[in-house]
Amino acid sequence: YRLVPEVCFPEQFHDALRATKHFLQPDVLAEYSVDPSRIAISGDSAGGNLAAAVCQQLSKDEHLTIRPKLQALIYPVLQAFDFNTPSYQQNMNMPVLPRYVMINYWIDYFNGNYDLAHSLLINNHTALDVGQALSFRGRLNWTSLLPSSFKKNYKPVIQTTGKAEIIQEIPALLDVRAVPLLAENETLQLQPKTYILTCENDVLRDDGVMYAKRLENAGVEVTLDHFDDCFHGCMIFTIWPTDFSAGIQTRNSYIKWLDENL
């Protein structure tokens, strides 16, 4: 898919969706000797975001004759609603992906203004008086979606009054094509068997854990593969001289699940 800053949302989503739908055509699958009953959609980080969004979109396409058997999401980015989940609070200054960097990535993706970064950081865009956000709040209530081992002693950050103009300026903050965790239950029920890998030392940990729980609640078979001693992006570190145990164990676990399920 094309990258920021040349293009911004929703072009990346459209690129990924077009490529996937092209690949799913019977003649294309035949050209590459692909078994149409054994196709998975997968991605890591921002790619995990696109994989989840594309999977949701495909599930609603009544004209598709071939559908993915699985989706596998590696420490995916799934929401821009709450930048104060326990994992965002716990890992706000964690190397590789501190919270302020993740917020800036969202602003880049949406072609927004960096002046909004602080308001996003304190959840002004989803305050209780921001009407556009109210209907989504229940879909991302980490106090009910996360187990106590992840909630620890963190408290929700919910502003009473905020800035509705942020959503008016960047409506994509609530667009499920960009934030798949906010999808309605009817869409989640249509998702294929799912694998989600999360790392403890990652601001995005709770995005994946909450999505796993919402999918499970919707009746989807989900494997949540959590690593207590790993960090965001660790799966790329598998080749000398950066052949870290974090990379090797996450990669092996991911491939093992694909071997057993695909």
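In the predicted model described here, Leu70 of strand 2 is the bridge partner of Ala40. Helices (H or I, at least four residues) and strands (E, at least two) are DSSP runs, numbered from the N terminus. Strand 1 and strand 2 run parallel and are joined by five bridges; two strands count as paired if DSSP finds at least two bridges between them. Residues are numbered from 1 along each chain as its sequence is written. Because the model is predicted, local features need pLDDT of at least 70 and side-chain atom pairs count only at pLDDT 80 or more, whereas totals for chains, interfaces and linings use all residues; side-chain values use heavy atoms, with hydrogens and water left out.

Five of the five residues of strand 2 are buried, so the strand is largely enclosed by the rest of the structure. Leu70, Ala72 and Ile74 point one way from the strand, while Gln71 and Leu73 point the other way. Gln71, which is found in strand 2 (residues 70-74), has a relative accessible area of 0% and is therefore buried. Contacts were defined as heavy atoms within 4.5 Å. Leaving aside residues up to four places away in sequence, Gln71 touches a set of residues that includes Ile41, Ala51, Ala52, Cys55, Thr194, Tyr211 and Trp257.

Trp257 belongs to the buried residues of helix 13, together with Ala246, Gly247, Thr250, Tyr254, Leu258 and Asn261. Seen down the helix axis, these buried residues fall within an arc of 110°, so they line one face of helix 13; the arc is that of the directions from the helix axis to the C-beta atoms. On the other side of the helix, Ser245, Lys256, Asp259 and Glu260 are exposed. The buried residues of helix 13 pack against strand 1 (40-44), strand 2, strand 3 (193-201) and strand 4 (222-231). The length of helix 13 (residues 245-261) was also checked: at 1.5 Å a residue, its 17 residues should span 24 Å, and the end C-alpha atoms are 24 Å apart, which agrees. The expected span is 1.5 Å times one less than the number of residues in the helix.

Charged side chains were considered next. Side chains of opposite charge can pair when their charged atoms come close. A salt bridge was taken as a side-chain nitrogen of Lys or Arg within 4 Å of a carboxyl oxygen of Asp or Glu, and a search of the whole structure finds 11 of them. In one of these, the side chains of Arg2 and Asp15 meet at 2.9 Å, N to O. Arg2 lies in the segment before helix 1 (11-23) and Asp15 in helix 1, so the pair ties together parts that are 13 residues apart in sequence. Arg2 is partly exposed, at 39% relative accessibility, whereas Asp15 is buried, with a relative accessible area of 14%.

A salt bridge also joins the side chains of Asp61 and Lys21 (2.9 Å, N to O). Since Asp61 lies in the loop between helix 3 (46-59) and strand 2, and Lys21 in helix 1, this pair ties together parts that are 40 residues apart in sequence. Asp61 is buried at 15% relative accessible area, and Lys21 is partly exposed at 33%. A further salt bridge is formed by Glu216 and Lys213 (3.4 Å, N to O). Both residues lie in helix 12 (residues 205-217), three residues apart, about one turn of the helix. Glu216 is partly exposed, with a relative accessible area of 46%, and Lys213 is partly exposed at 30%. Salt bridges that share partners also join Arg2, Glu11, Asp15 and Arg18 into one network.

Met94 is placed in the loop between helix 4 (86-90) and helix 5 (99-109). With 24% relative accessibility, Met94 counts as partly exposed. The C-alpha atoms of Met94 and Leu190, 96 residues apart along the chain, are separated by 35 Å.

For the record annotation, UniProt lists residues 1-121 and 175-235 in an unreviewed entry as "domain: Alpha/beta hydrolase fold-3". UniProt positions are given in the numbering used here, feature names are shortened, and annotations may be inferred rather than shown by experiment. Over residues 1-121, the chain is 45% helix and 8% strand, with its end C-alpha atoms 28 Å apart. Over residues 175-235, the chain is 28% helix and 31% strand, and the end C-alpha atoms are 29 Å apart.

Definitions and conventions:
Buried means under 20% relative accessible area, exposed over 50%, partly exposed in between (1.4 Å probe, protein chains only).
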